[in-house]
Amino acid sequence: MKDNYDVIVIGAGPAGYAAAIRCAQLGMETACIDKSLGTDGKPVLGGTCLNWGCIPSKALLDASHKFAEAQHGFADIGIKVGKVAIDVPKMMERKDKVVAGLTGGIKGLFKGNGVDALYGSGKLLSGCEVEFTDHDGKVTKLQAEHVILAPGSVPVEIPPTPLTDDLIVDSTGALEFSSVPKRVGVIGAGVIGLELGSVWNRLGSEVVILEALDEFLPMADERIARDALKSMEKQGLDIRLGTRVTAAEVSGKTVNVTYQTKDGDESLTVDKLIVAVGRRPFTEGLLAPDSGVNLDERGYLYVNDLCATDASNVYAVGDVVRGPMLAHKGTEEGVMVAERIAGHKPLVNYDCVPSVIYTHPEIAWVGKTEQELKSSNDAYKVGAFPFAANGRALAGNEAEGSVKIIADAETDRILGVHVFGPQASEMVAQAVIAMEFDASAEDLGLTMFAHPTLSEAVHEAALGVAGHAIHMVNRKPKK
Ligand code: FAD
Ligand code: AMP
C-alpha cells in the first residue's frame with residue numbers, strides 16, 4: 001500500500017472493480033478498497049454480484065432447473081430416468097466453488113493489472129483524502145487525485161419481518177438453506193423474489209409469493225408479464241398479488257405470516273420466509289461530514305449523467321447511484337468514469353440497459369414497453385413472433401413464449417425489444433446491439449440469421465413489424 005494514488009476506488013463489486021481495472025489499464029496508480037468478508041471470514045472481492053447476488057443465484061437457478069428437467073422434462077422427450085434425488089449440500093458446495101473461482105479471478109485481475117487491493121473500510125474525507133481502516137482496526141490516511149465511490153446496495157428490511165438467524169432471511173440467507181424447506185414464503189414478486197422462489201419451488205418446496213402490488217412485474221411489457229405469470233403459476237408458484245405483509249411471528253421452527261388483502265387479513269405458516277422487498281443504496285460509514293458528496297432524497301449518492309458527485313474529482317457508480325440496480329449498468333459506469341478521468345469522452349447509454357429475470361423461461365427486455373409508449377402518446381408499431389413457430393425451440397422442447405419488437409411508427413427505429421422464452425438473456429443482447437447502432441426494424445429484418453436458431457424469432461418479429469414475417473400469418477394492418 002502506498003499513501004498516494006492517482007485513483008482510489010471504494011467498493012470492489014462489478015462497478016468498483018471494473019473502474020479500478022480500467023484505471024490501471026489506462027496507466028493510473030490505483031487502489032481498490034473493499035470490506036467484504038466471505039463465509040470463512042476471509043476478505044473477498046467481487047461485491048454482492050459475485051458473492052451473494054448474480055452468480056450464486058444463477059448457480060442455484062441452473063442446478064434447480066436441471067433437477068426439474070430431470071424430474072418432469074426428460075420424459076416428454078423420450079428419456080426415462082429413475083428416481084431423481086437432490087443433494088442440497090453438494091449443490092451449495094458447487095455454487096460456493098463457482099463463487100470462489102470468480103472472486104479469486106478478480107484478485108488475479110487486480111494483480112495482473114497492478115491494482116492494489118486494500119482489504120478493509122474506506123471513508124471519504126475532504127479533498128480526495130481517504131481514511132482506510134483494515135480488518136485489524138489499523139487506520140491509514142491515503143491521498144488520491146480522484147476517488148470513485150462504489151459501495152453498492154444492501155437488502156431492504158421491513159419492520160413487520162425482522163430477520164432471524166435462519167427462519168426469516170433475506171436474499172443472502174435464501175442462497176444458503178441446507179435442505180429443501182417444505183413451505184417457503186417469499187415477500188415481494190420482484191426479480192429477486194421470483195428467482196429465489198423459482199429455485200426452491202423447483203427443488204420441491206411449496207412456494208407462496210406475497211406481493212403488495214396488484215400488478216405483476218409492472219416494469220416489464222404488459223403482455224410478456226401476463227404470459228410469464230401464467231407460466232410461473234403453471235410451474236407451481238403460488239403468486240398472490242395485492243397482498244401486503246403486515247406481521248411475521250416465529251413459533252418454534254415455523255413462521256406465521258399475516259398479510260392484508262382487499263378482503264381483509266389472512267395468514268400463512270411457512271418453514272422459511274424470504275424477504276425480497278428490494279435493495280437500498282449502502283452509504284453507512286462512507287462519507288465524512290465535510291466530504292462534499294451529497295445524497296438525493298431517496299438516499300442515493302447524488303451524481304450527474306457522467307457519475308460526477310458534488311465534490312470535485314469524486315465520482316460514484318453502480319447500485320449506490322440512480323438507475324437500475326444491475327451489475328452491468330454499474331460496470332459500464334465504472335469504465336466510463338475511468339476513461340473520463342483519463343481524458344476520453346465515453347457515455348453510458350441509459351436507454352439501452354438490458355433487464356433479465358432468470359426464471360424459466362427467462363424474461364428479458366431492453367428499451368421501452370408498449371404501455372410506456374401508450375402513456376406518452378408516442379406512435380409505434382409492433383411485431384411479435386411466438387417460439388411455438390420456431391423450429392429450434394420446438395426441437396428443444398422449449399416452445400413457450402414470444403419475441404416482441406416495438407418500433408417508431410414513422411422512422412421504424414427500434415424502441416424496445418421484449419423476450420419471454422428460452423435463453424431470452426442471450427437473445428436480448430442482439431437487440432441491445434441493434435439499438436446501440438440505432439437500427440430500424442427493417443435493418444434487423446434484412447439481416448441474415450442462421451437456421452435453425454432461437455434468434456430467428458427475433459428476425460421474424462422484426463419482419464412482423466412491417467407485416468411480412470414468413471413463418472406466421474401476419475395480421476392485416478388496421479384500416
Ligand atoms: P456491490 O456489488 O454491492 O459491491 C459493493 C462492495 O463495496 C461490497 O463488497 C461492499 O462490502 C463494499 N463496500 C461498501 N461500502 C464500503 C466501504 N465504506 N469501504 C469498503 N468497502 C465498502 N444484477 C444483475 O445485473 N444480474 C443479475 O442476475 C443479478 N442477480 C442478483 C441476484 C441477487 C440475489 C442479488 C441480491 C442481486 C442481484 N443483482 C443482479 C444485482 C447486482 O448484484 C448488483 O446490481 C451489483 O452487485 C451492484 O454492483 P456494485 O458494484 O454497485 O455494488
Ligand atoms: P424489487 O424492488 O423489484 O426487488 O421488488 C420488491 C417487491 O416487494 C415490490 O414489488 C414491492 O411491491 C414488494 N413489497 C414491498 N413490501 C411488501 C410487503 N410488506 N408485502 C408484500 N410485498 C411487498
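In these legends, Ala, Val, Leu, Ile, Met, Phe, Trp, Tyr, Cys and Pro count as nonpolar, Asp, Glu, Lys and Arg as charged, and the others, Gly among them, as polar. Please keep in mind that the structure shown is a predicted model.

**View 1. The shell around ligand 1.** Here we look at the 38 residues that surround ligand 1. The closest of them are Asp34, Ser36, Thr48, Lys58 and Asp319. Sorted by class, the shell holds 17 nonpolar, 16 polar and 5 charged residues.

View 2. At least two shell residues come from each of helix 1 (14-25), strand 2 (30-34), helix 2 (47-52), helix 3 (54-76), strand 3 (115-124) and helix 8 (327-341). Which element gives the most to the shell around ligand 1? Helix 2 does, with 4 residues.

**View 3. The second largest pocket.** This pocket holds about 1,100 Å³ of space. Its lining is made of 33 residues, and those closest to the centre are His65, Glu69, His360, Pro361 and Glu398. Two or more lining residues are supplied by each of helix 3, helix 6 (191-202), helix 7 (222-234) and helix 11 (424-436). Helix 3 has the largest share of the lining, at 12 residues. The classes of the lining residues are 8 nonpolar, 14 polar and 11 charged.

View 4. Side chains of opposite charge can pair when their charged atoms come close. In this view, Arg223 forms a salt bridge with Asp227, and their closest N and O atoms are 3.4 Å apart. Both residues, Arg223 and Asp227, belong to helix 7 and are 4 residues apart, about one turn of the helix. How many salt bridges does a search of the whole structure find? The search finds 18.

How values were computed. Residues numbered from 1 in each chain as written. Chains lettered and ligands numbered in written order. Predicted model: local features only at pLDDT ≥ 70, side-chain atom pairs only at ≥ 80, totals over all residues. Heavy atoms only, no water. Near = heavy atom within 4 Å. 1 Å grid on protein atoms, 1.4 Å probe; cavity = no way out; pocket = protein on both sides within 12 Å on 5 of 7 lines; lining within 4 Å. Points joined across faces, edges and corners; volume = space filled by probe spheres on them. Salt bridge = Lys/Arg side-chain N within 4 Å of Asp/Glu carboxyl O.
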